[in-house]
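Work through the exercises below with the model open. Each one has a task, then a solution in steps.

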Amino acid sequence: MKSRMLITILLIILVLSACAPEKEAPPDQVTVQLKWVHQAQFAGFYAAEAQGFYAQENIDVNFVPGGVGIDIFEGVSNGDVTFSVVGADSLIVERAEGRPVAAVATIYRVNPFVLVAFSNSGITSPRDFIGRSVALLPDGYDSVQFHAMLTNLGIDASEINTVNYTYDDTPFLNGDVDVTVSFAAGSLLPLKEKIGNRELNLIWPGDYGVHFYSDTLIANDDLIAENPNLVLRFLRATLKGHRFAIENPEDAVDASMRYAVVQDREVQLAMLNASIPLIHTGEGPIGWMVTDDWQGMHDILFEQGILDSPLDLSQMYTMKFLESVYGE
Amino acid sequence: MVSSMNQIKSYWNRLGFRFTILFVFLAILPMVVVGVQAYFTASAALEQDVINRLATITLLKESEFNRWNNNNQELLRLLAQRPLVREYATALVLLDERDNIEFEGLRRNLLQDHLQPTLDVESSYIDLALIRARDGLVLVSTDETLEGKYRESDDFFIQGKLDTFVQHPVYHLGEEKAIMHISTPVTDNDGRVVMVLSGHVDLNEMSKIQTRRSNFSASEETYIVNHSNLLITETRFETGAALRKSIFTQGVTSCLAGNDGFGFYDDYRGIPVVGYYRWMAEENLCLLTEEDQAEAFLAVEQLFATTLFTIIVAVIVSVGLGLLTTRSITRPLQELEQRAASLATSLYEPLPTEEMGRFEEIVSLNQSFDQMASEIHERDRHLEEQVLARTAEVQEKAKELELANEFLQQHTWDLTLVNEVNSSLLQGDSLDEIIDVFAEKTREMYAPSKDKGAAILLLSDDGDQLILKNKPVNKELDQRIQKLFGAKDPEIRIPLHSDNLHQQVIQSGEPRLFTQSDEIDMWFRDFINETWIKQPWLLNQARKLAPQIRKIIGDNCIAAIPLTVESEPIGLIEISAETPLTKEDVQRLKIIANQLAVSIQRTRHEEEIHALREFNESIVQTVPGAIMAQDPNGYFTFVNPEAVNLLGYQPDELIGKHWKLLTPTDQHEIIFAADERRSQGIVDSYEIELEHKNGQRLPVIIKGSPRFDSFSGEFSGSLVILTDISQIRQAEEAILKEKNFSDDMINSLPGIFCLFDVDGKFIHWNQNFLEITGYTAEEMKRAHPNDFIVAEDQIKSQEAIINGFAEGRVYLEARFKTKYGPTPYYFVGSRTLIEGEPHLMGTAIDISDRVMAEETLKQRTVELERSNQDLERFAYIASHDLQEPLRKVQAFGDRLRSKYEDKLDERGIDYLLRMQETARRGQEMVEDLLTYSRVSTRGQKFESVNLTQVVNKVIEELKTSIDLTDALVSVGILPTINADANQVHQLLHHLLDNALKFHRPDTPPVIRINVDEGDSNQVVLSVCDNGIGFDVQFLEKVFQPFQRLHGRHDYPGTGIGLAICQKIVERHGGSISASSIPEKGSIFTITIPIRNENKRGVIFND
């Protein structure tokens, strides 16, 4: 008798909620160009999808992985892709070259770029690089951070023997290279696995006046101007997904495993755990951006000759969506 | 349906059923009420207890946190303020940090002597560092790996340069952990910040503080959340959540909004908790203490269960009890019921008590029932006896009633008397009538058969005597007394002495009853006194007759009752009765006497009041003012003849009417307001317009005084005096008209008008003033006269105002400043006294036209003078230059004549001569012209010139002509003047020469030169001749250059002479005129100022 009544009530509630005229409009199709291949680096996005945060915003999302040889700016510039996850420094450069894109939030507020040396090498700061060999990526903007650091410290780059980093830590492990570039949420993790009981010194550009954002969510100028509501909804769901990922790494990794190229749960979890401090530092909400940081990145790019001429900061990013999301 | 209803009804009517219901109800109601109340009170108390506990824990944690935080800060501050630290820090920042021995020494000192020891003592800090203020470089750190790094963009560095700063915990990548920085500035001796001392605090300590449990409850926990909803301490239920987990519970949200308080909500685990939160504004942190609701309210739930259980048990017990009790009551009752039925049939048999059950009440009921049965039988027996006894009693009462009736009859007399007196009083009878009525009635009562009765004696005004007031009723006595003493219808007066009985009665104030013959004699002796019998011997004789009087009257009893009002004696009543009077009679008489006394007194007062009112009315009727009286509601109660006169209404037309009759509608308010004021006791006067009966408006001043009842103190109406002020009004209107007239006059003035006092305050002004200045009347009240004068002229105007007040009249030409711009005005100010105070009255007219004309004139004059000068110079130059060719013509002519005269025929000679003549004339004219122009261009300085000498010289020069013409020249006494000597000479020469030249052919010239000094300032010189004269039509022409009236051949000359004369005179500031009669002569009159200003000479080079 009682249980029947309960069921009836539940049914009524279900019918009523189904009646609610909420999802009449078809969901917006959103394509997201990721910065790199599918991995836990983007756990927040996967979590947002898995937890139905995008669905709640009436968004049907499709993730496109990045990789070697993929221009992650192309799609978002010509409108094929709705959003793209790119490096903040590359955004500035691409913007300067005329790509009509701007940042709406920064996911990785701390750049994972780090220089690594063995503790017993005595290398603790960039000053100690002099006369040593450093493995760096052959091109790309990451080397900018390295050079900016040297500039800040007044070190002549020619006194340092730079070699190409080949995405292989073997030269470093073998001692052929004194210092190697690494990425906190990426290559650093397998490296740490391989060093055994030896210790590493991490030299962060942030300690020497170089504060670069990393993964930044960008959108086309036209989209920002014409469909701000979509941008806001997508951003809201994305940030919610990242929060969820930080608070529930296990669940987020589960979501990541649907996509991840490396189908190793432990690897993905380690990556996520390593990326959490880069995403959520405790200073300001997730995704937040600060003028001084953008200005600092821009100034360094200009000083280092990457930018030919100074650029208007307001073209690079907009705070209006973050301010809406966080109700400021 | 019906049957079930009946069934219920029948159940309801049964005692047992009702008792059961009652018991259940009585048991449930208090239990439920008490239970529910207890539950709510207890649960509220428990809830409050939980909240209080959580609040206490939160506050304790907060203060613990604060203490920890403050200690950390204090430690850092103390370190930063050490003199050596400051000295080394100052030195360190000046040195290059690289490969510098000195730098390394200082660094080591700081590290080993200061930073490291502090760190060792205080465990809260993990490391300490000194950061260079100018670039954020870590110079010294207990953690060597930090040295050489830059902290330039970190909050703790930026804020730490300003003051001690606590950065809320953040994850620091470089150090791979969440850290909390505390920083403080290090300054040099000049107060400049050279370094920032910073320390990393062990966050685990903070977590420890928060997770340390209070042991009050199992589920309680405390944690801290930062402003980004991020958990910064560890929680009990999830490890490693610090700086990772964001919490968005209701408690956190409310707290981050800056609130302190508590709430019931689901915590971050989704479990319902009671939470208490505090916002720590300084640290930007939220501190929360939460406890699971399940635990917190466990006691409340238990209490609820207990209460419910108790209620159910109580209900069951009371139902059982109710059933048992009712059964033990109803059964004996049924028994009694049966026996009562048997009582009527006399088959009644008492039942043994034991059979009635155990209840005392039932037992005693049974006993009472038995007793009642036996008493009912007893009653029956006694009933008859009682009826008999009652009958006897009733008869006795009937007798008593009869007696009472008799008594009542006796008292009826008294009442009748009082009634009579009262009715006569009410009818407004006079005092005499009241006394007569009273005496008559008393007599009827006490001496109905004989001609005796009551005498009413009242005290005289001076209190010396008693005077009989009622008519003597005993005619026999009256006649005898008349016969005895020869007095006819005397007024009976009894003087009061200490030895007479009347006096005694009056003084004692108590009634007396005289029954003894000698007393009665004594009483009557009082009547026989010197007011009747003037001779003492006769008086004594008469007094012996007292017993005879008694016999005549046959009195055997006299009652004397004093009349008193408020214990003051006013007289007495004397009753002579046939039968002896009893004390009761006296008492009764005393009551009646009191009534009479009051009546007498009241009647007397009324008479007095009546007299007074008549007096007042006679005054009111005769005074010259219009007086009216009104009741409190404004209805007239009285009007005097003067008021009738004033208003035209008859008294009966006004009395009982309201003020509205007299006042036009627009004045009603005034009347109502006045009534309102008067009702409050205010005496005042006000102006109002009334309406005469003939409809004319009548301005009056009403002075009203309120009257209040002397007993109740209530407002009883007013007395108003009306004063006709129509004449005053007319006078005022006349004044107003006059004022309007003067206003109109002032406003019609063409210029402006104003009036102001010594302070410059404007009192009055005309319409023009406002229109011209653009000021409003309101602005005028604040304006000052100088506001209307342009700044440049203000000194002048101020002076004029002062002079105006001082001298009474002043003139001023100044620019009048208006809102539309300045305009020149000519002001006339004159002082006037208003109410004894000096005021300045100003009128002014626009003189802009005149000023403009003057300006134009001045300009014209200047232009004219310049053009004159130009002309003169032209004339001078021209004539000067013309001379040359003429002279050449002359010279070549001469040469032609001297050398070629022989070669010319006569016509040629004639032409030559005519040419030479013409040239000569031209030369002459040029010379004259030159002379003419030289008057202005070559004038000499003015000097003292003796005219006599000049004239004599001229006569000398013209001697030839005088002689030729046989002229007679007479010269009067001529003065000395200030002038250009040469020109004066020239002037007189020309005039004299002319007079000689234009003489009549057959008459020798007679010339008179005279001076008529009509004025001390100027000299009037006339030159009079008897020559040919000229027609007046040529008066203008004669002074124009080269104008000739006569043919050249008749009278030689170029005709420039008089023109030169005029020019000379003008240069001297004088004038020349001529008058003439043809063929009779001419008079040339020159007027020249004597004291000419010293003109400088004008010289042009030739």
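Helices (H or I, at least four residues) and strands (E, at least two) are DSSP runs, numbered from the N terminus. This is a predicted model, in which local features need pLDDT of at least 70, side-chain atom pairs count only at pLDDT 80 or more, and totals for chains, interfaces and linings use all residues. Residues are numbered from 1 along each chain as its sequence is written, chains are lettered from A in the order in which they are written, and side-chain values use heavy atoms, without hydrogens and water.

**Exercise 1.** Describe the make-up of chain B.

Solution. Start with the elements: chain B holds 30 helices and 33 strands. Next take burial (under 20% relative accessible area, 1.4 Å probe, protein chains only): 41% of the 1102 residues of chain B are buried.

**Exercise 2.** State how many residues from chain B and chain A take part in the contact.

Solution. Contact means heavy atoms within 4.5 Å. Chain B supplies 24 residues and chain A supplies 27 residues.

**Exercise 3.** Find the salt bridges between chain B and chain A, and see what makes up the chain B side.

Solution. Apply the rule: a side-chain nitrogen of Lys or Arg within 4 Å of a carboxyl oxygen of Asp or Glu. The interface has 2 salt bridges. One of them pairs K149(B) with D207(A), with the closest N and O atoms 3.2 Å apart. On the chain B side, strand β4 (residues 170-172) gives the most, with 3 residues. By class, this side of chain B has 7 nonpolar, 9 polar (Gly among them) and 8 charged (Asp, Glu, Lys and Arg) residues.

Methods. Buried means under 20% relative accessible area, exposed over 50%, partly exposed in between (1.4 Å probe, protein chains only).
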